[in-house]
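Here is a short note for a colleague who is opening this structure. Please keep the view at hand while reading the points.

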Amino acid sequence: MQFIANSSLLLLALRESWNNWTGERAARPVSVPQEKWSALQSTQGRCVHYPTIHYTLFFMRAMLELPLVFRQVCSALFRWRFFLLYVVFLSLSCGCPINGAGGEAQEGNFTALRVQMVEQQLRQRGIHDERVLQAMAEVPRHLFVPLSLRLHAYEDSPLPIGQEQTISQPYIVALMSQSLELTGTEVVLEVGTGSGYQAAVLSCLARRVYSIEILPELAGTAQSRLQALGYSNVTVIVGDGSQGWLAGAPYDAIIVTAAAQRIPPALLNQLAEGGRLVLPVELPDGQHLLRLRKWGGKVTREDLGMVQFVPLLGDRS
Ligand code: SAM
């Protein structure tokens, strides 16, 4: 407040001093009759030395206060430095959120990054299911990561999502989705909702998706995010997914996005005949991504390669 008062005072003094110097007179306000205004002007004319001295002193005082005003500007900038830095950072990293056109341009950039991700990280590495590639090209991954990491959303790596958890690398999401061999008619269970990104991809590939998350905070955020983005065939459940989710069983496909110590029997039990279970499992030489198929009461197993996942919590398998 003190700063604003001092600045206004300075401006006023400068203006008045200038008017006195150039002999400019203020315009007659409409409410003051001409004769009264002329009388007032002539009175002012007779007393011209008083305002001149007054304004000169005023001006000198304002000049003396200049360093003080300068100091107050500096201290205000210093006091608000974090806020100012934050505004600058937001403007740079989000394409200036104050500007709507900037936001649209940023969305366009994300679409271009997504297409590049599909071509370079997925297709060139052997992801061939066109439905999976299409889903990966459509789901806005940047809306599933923390705001501060949006610019990294389409990079070839997992990213932190809070609570010591991660959103998986795009290639792994695509590889696991492809391994489920979905055609669009299936009911799928995902264990480990996390950000909800994998569930959104599955939503484009299957009829119904149940996704179970052990951490309530992550489940809540993912549920509202998926709802807001219109993935209406996904239901998020809070619970220990190592026990599956009996209410939705049997499942045509089950995907586990955290590494289990061993294959959870509950998941095999809840798998439909002909169903696929894709999950990372800790083996003596490290984590392996396995695909299990249930045929006529038998289970076959394929190794899809080595991976690195966060551990399956509350693993009671
Ligand atoms: N699919 C997620 C995504 O798209 O963001 C990433 C999953 S993150 C690698 C693993 C997730 O599994 C974490 O959110 C973790 O809390 C969850 N999780 C770990 N153990 C679990 C369990 N027993 N039941 C359900 N969720 C579990």
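1. Strand S6 (residues 251-256) and strand S7 (residues 271-283) run parallel, joined by four bridges. Ala253 faces Arg276 of S7. Helices (H or I, at least four residues) and strands (E, at least two) are DSSP runs, numbered from the N terminus. Two strands pair if DSSP finds at least two bridges between them.

2. A word on the model. It is predicted: local features need pLDDT of at least 70, side-chain atom pairs count only at pLDDT 80 or more, and totals for chains, interfaces and linings use all residues. Residue numbers start from 1 along each chain as its sequence is written.

3. Look at the S5 end. Strand S4 (residues 208-213) pairs with strand S5 (residues 234-238) in the parallel sense, over five bridges. Ser211 has Val236 in S5 as its bridge partner. Between S4 and S5 the chain passes through helix H9 (residues 216-228), a right-handed β-α-β crossover. Right-handed means that, with the strands pointing away from the viewer, the path from the first strand over the helix to the second runs clockwise.

4. Which residues come nearest to the ligand? They are Gly192, Gly194, Ser195, Gln198 and Gly241, out of 25 around it. A residue is near if its C-beta atom, placed from the backbone, lies within 6 Å. Strand S2 (165-167), helix H8 (197-205) and S4 each give the shell at least two residues. S2 has the largest share, three residues.

5. Helix H7 (residues 170-179) is largely enclosed by the rest of the structure, because eight of its ten residues are buried. Among them are Val173, Leu175 and Met176. Buried means 20 or more other C-beta atoms within 10 Å of the residue's own, with C-beta atoms placed from the backbone. Just after H7, Glu181 has a positive phi of about 55°.

Note on methods
Buried ≥ 20, exposed ≤ 12 C-beta atoms within 10 Å, placed from the backbone.
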